[in-house]
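User: Can you walk me through the salt bridges in this one? I'd also like a look at one of the strands.
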2 protein chains.
Amino acid sequence: MFIDRNNYRNARFLRTLGLYVGLIIVSSYSGVNLSEVELIPSEINEKSVKHAILLRDRALRKNEAFSLVESLTTQIGPRLAGTSAEARAREWAVKQLSNMGFDSVIVEPFQIEAWVRGREDAILTKPSGQRLAVTALGGSVSTPEAGLEAEVIVFKSLADLESVPDNSLQGKIVYVGHTMRPTQDGSSYGAFVPLRRLGPSIAATKGANGIVIRSIGTGYHRNPHTGQLTYAEGVRKIPAGALSNPDADQIERLWERNIPMRMRLVLVSQTIETAESGNVIAEIQGHEVPWELVVIGAHLDSWDLGTGAIDDGAGIGITMAAAKLILDGGRRPRRTIRLVLWGAEEQGIHGGKAYLERHRGELRNHILASESDFGAGFIWQLTSNVSSEGQPTIDLIGALLNPLGIVQGGKAVSVVGPDLHPMINEGLPSFSFRQDGTRYFDVHHTANDTLDKIEPKALDQNVAAYAVFAWLIAETTADFWKVTEPNK
Amino acid sequence: MFIDRNNYRNARFLRTLGLYVGLIIVSSYSGVNLSEVELIPSEINEKSVKHAILLRDRALRKNEAFSLVESLTTQIGPRLAGTSAEARAREWAVKQLSNMGFDSVIVEPFQIEAWVRGREDAILTKPSGQRLAVTALGGSVSTPEAGLEAEVIVFKSLADLESVPDNSLQGKIVYVGHTMRPTQDGSSYGAFVPLRRLGPSIAATKGANGIVIRSIGTGYHRNPHTGQLTYAEGVRKIPAGALSNPDADQIERLWERNIPMRMRLVLVSQTIETAESGNVIAEIQGHEVPWELVVIGAHLDSWDLGTGAIDDGAGIGITMAAAKLILDGGRRPRRTIRLVLWGAEEQGIHGGKAYLERHRGELRNHILASESDFGAGFIWQLTSNVSSEGQPTIDLIGALLNPLGIVQGGKAVSVVGPDLHPMINEGLPSFSFRQDGTRYFDVHHTANDTLDKIEPKALDQNVAAYAVFAWLIAETTADFWKVTEPNK
């Protein structure tokens with residue numbers, strides 16, 4: 001179905017003239033109500049739409065998402081990339097998917113440098129011996145076993161830290177705060193996460209021996225928020241941790257009272273140079289153009305503090321259950337539906353990069369993809385950036401999901417799933433279901449990321465959405481490439 | 001004001017006849033509105049009531065409660081009984097109270113056996129190496145430094161554990177769950193806390209080498225709930241910890257799947273045989289009967305995991321601010337108002353016991369007492385068990401606090417403040433302000449007990465209530481002893 005530029009122009013031309021076939025359907029038959037869909041584009045047949053509605057409604061009645069998340073988080077628990085726990089998670093996935101009866105289930109292994117957390121502790125030796133709730137940022141170099149002790153200097157923001165002269169904080173431990181608030185679309189995370197990623201190297205250029213940041217999260221429990229840092233090249237690497245929000249408040253209050261602070265910071269960690277990870281891939285093969293691929297999935301690894309329930313056990317459950325629903329639906333799609341359970345996402349999108357490397361030759365066969373990696377909340381919006389030819393199918397998906405509270409948010413060049421970024425950077429069109437993230441960063445990347453935070457009804461809505469998406473993209477003849485704006 | 005049995009009967013007789021002087025006041029003067037009070041009992045004069053209203057309204061406008069809790073939890077932090085941190089808290093209190101200008105500020109020291117937490121950890125070595133969030137119960141004997149490793153046997157309740165034969169759990173680690181739900185009056189805590197207090201010795205009689213219980217709390221964070229245990233005499237002492245609720249769920253899910261579990265449990269602790277604690281006492285001396293005492297207060301010690309903000313920094317702030325408000329009110333009460341900041345409550349009501357021992361000779365001079373030790377929520381009810389002679393003054397307090405959402409809950413023989421129990425067991429009448437405890441046990445005794453959990457407006461309401469209580473009990477001539485039902 002590869003179309004060249006001329007075909008694409010023709011398609012757009014036809015659409016501009018409004019000549020694509022629109023069917024106005026108001027009848028209801030076989031228990032499936034099509035009246036909610038005003039226009040079915042010519043690229044897709046009515047039976048396919050009817051089946052999408054059936055899958056959607058079936059998902060809302062019964063699906064396996066919650067029991068899959070429960071099984072994964074209970075029997076495997078935390079799944080840090082490159083560890084034996086992540087390997088057990090792959091075995092778990094292969095076993096589950098094989099039992100479900102997918103056409104093929106394979107693991108594509110790859111190697112990573114793994115980082116493993118050790119003992120961690122932070123004590124304010126001055127003024128009072130208070131113990132603070134701390135956790136190392138992923139990738140942090142280790143402190144000595146006995147820790148690192150130094151005076152604490154407080155900055156309210158990354159900008160404040162950046163404003164002091166280089167080498168002016170020799171030997172200090174730097175604390176840096178921020179003002180993140182809950183946002184539905186998670187934009188506040190994007191706004192403040194540079195503190196975690198870049199703060200350690202900026203502090204090092206200022207002369208600091210260590211850095212603790214306010215957790216890049218919105219929860220008010222004593223469970224600090226981890227996440228990957230990125231050391232700048234050529235800059236001294238210093239140990240870096242995050243304090244829980246109540247502890248960050250405590251530090252800022254002491255600072256405001258002009259009470260001198262010293263901290264003993266213990267962040268022991270270990271790096272394993274060569275560790276194995278892998279992507280687990282299962283397929284429902286297409287009956288007409290099996291080489292054309294629709295990809296859904298989520299990442300199998302998690303941080304080590306919680307059991308990775310909302311990040312990303314939920315996504316695993318949602319997309320596995322959606323694929324299973326299509327598999328059990330009794331109709332084989334035109335295109336192949338490929339479920340990818342990505343490995344080693346948290347520590348650097350290793351799974352997404354390894355996949356692109358291996359599948360670069362067939363990248364153009366990837367029609368559209370969507371990753372579920374924003375927790376377990378209800379989806380409130382879908383966004384996309386696709387060709388004009390593909391737009392009517394997207395609109396159809398929007399119309400079918402509207403009764404589930406999902407609205408179309410228009411063109412968006414950024415996408416939710418990080419494992420898709422490598423492919424999107426190479427031209428893959430973008431599609432995202434946006435889940436409500438207002439409370440996501442209360443527990444994301446903390447020890448509180450456990451099963452009890454998941455509302456099964458919200459998973460059901462997500463399963464319905466992914467099933468409709470995967471099924472219709474696999475059924476339509478439309479191509480979604482050749483977008484007018486570049487993705488990022 | 002000691003009255004004998006005959007005087008008491010006379011007082012009751014007079015009240016029964018409805019002959020006490022009731023003033024119906026509907027006028028408003030000097031900016032203070034008395035119209036809300038229909039009846040002022042003969043035992044109290046109108047000016048005193050007017051002043052109570054003034055104190056109440058002033059408390060709602062401005063008081064020092066929140067800034068006191070902030071200072072205590074920030075500058076001292078956790079205040080485990082018998083430690084240098086608790087000693088610093090006494091110094092802090094003496095300094096604050098002296099600066100406020102109380103007539104006398106003293107420390108009454110006493111000695112306790114102190115218990116100090118060390119390293120703690122719990123790992124499910126089978127099936128998967130998952131780490132669980134655990135904390136030792138207060139008073140637990142220590143495991144070896146390397147921990148204790150054994151098979152885990154699960155019981156859903158204390159009754160289930162009790163039902164198995166003695167010595168049938170040789171060498172096991174026992175897990176015991178429960179079904180506590182949030183309750184406004186905290187009654188669910190009372191119902192399930194026997195698992196913590198008695199569970200360890202019951203498990204020992206069944207042969208177990210260790211016990212972990214579901215946290216006696218309602219929070220769904222990974223911060224387990226500590227609290228004192230009581231080893232039964234003559235029973236082998238085994239190490240005892242609590243798991244957070246998400247971890248307790250995890251254990252129960254694995255058990256339901258028939259997956260064998262082994263746990264390595266590290267609960268290192270230390271007992272210091274002789275440690276110093278103390279009660280801090282400040283007074284506003286009465287001008288007419290200074291030997292008669294009205295006591296308000298809260299406990300200064302806290303558990304070590306959080307900063308003791310809601311338990312019991314809030315009570316410290318509330319009662320200190322209420323006393324300060326009376327002190328600054330420009331009128332000296334008839335009776336002495338004594339503020340007692342109790343020491344070492346958490347590990348066995350040591351402060352309350354030491355106080356009774358020292359003040360037993362003047363117990364009958366204690367007119368009425370109230371301790372604030374149920375968090376930082378709004379007061380919704382007041383309960384009491386006092387003499388008929390005292391009842392009109394209680395009703396007056398109820399009437400004055402009704403506009404603040406506080407209703408009278410009738411006679412109650414149980415009281416909120418544990419430090420008062422020793423005196424109440426000896427005949428002191430009871431009085432309690434009941435705070436909303438629906439969410440109290442989400443954070444109580446956990447690392448999450450930090451300042452951010454406190455709503456300053458709720459503290460203001462509490463301060464108003466304690467100021468009105470202390471002032472009016474100190475102003476009335478009524479006696480509250482000689483109750484018709486025994487307190488407990």
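Predicted model: local features only at pLDDT ≥ 70, side-chain atom pairs only at ≥ 80, totals over all residues.

User: How many salt bridges over all chains?
Analyst: The count is 57. A salt bridge here is a side-chain nitrogen of Lys or Arg within 4 Å of a carboxyl oxygen of Asp or Glu.

User: What does B:Arg358 pair with?
Analyst: Its partner is B:Glu108, at 3.7 Å from N to O.

User: Why does that pair tie together parts of chain B?
Analyst: B:Arg358 lies in helix H9 (residues 350–359) and B:Glu108 in strand E3 (residues 104–126), so the bridge joins parts 250 residues apart in sequence. Helices (H or I, at least four residues) and strands (E, at least two) are DSSP runs, numbered from the N terminus.

User: Is B:Glu108 buried or exposed?
Analyst: Buried, at 7% relative accessibility. B:Arg358 is partly exposed at 49%. Buried means under 20% relative accessible area, exposed over 50%, and partly exposed in between, with a 1.4 Å probe and protein chains only.

User: Which residue does B:Arg338 bridge to?
Analyst: B:Glu362, with the closest N and O atoms 3.8 Å apart. B:Arg338 sits in strand E12 (residues 335–342) of chain B and B:Glu362 in the loop between H9 and strand E13 (366–371), so parts 24 residues apart in sequence are tied together. B:Arg338 is buried at 8%, while B:Glu362 is partly exposed at 23%.

User: What about B:Lys324?
Analyst: B:Lys324 meets B:Asp328 in a salt bridge, 2.7 Å from N to O. B:Lys324 is buried at 14%. B:Asp328 is partly exposed at 43%. In chain A, a network of salt bridges links A:Glu64, A:Lys324 and A:Asp328.

User: Switching topic. How many residues of E12 in chain A are buried?
Analyst: Eight of its eight.

User: Which strands does E12(A) pair with?
Analyst: Strand E10 (residues 262–284) of chain A is one partner, antiparallel over five bridges. Strand E11 (residues 289–299) is another, parallel over eight bridges. Pairing requires at least two DSSP bridges between two strands.

Terms used. Residues numbered from 1 in each chain as written. Chains lettered and ligands numbered in written order. Heavy atoms only, no water.
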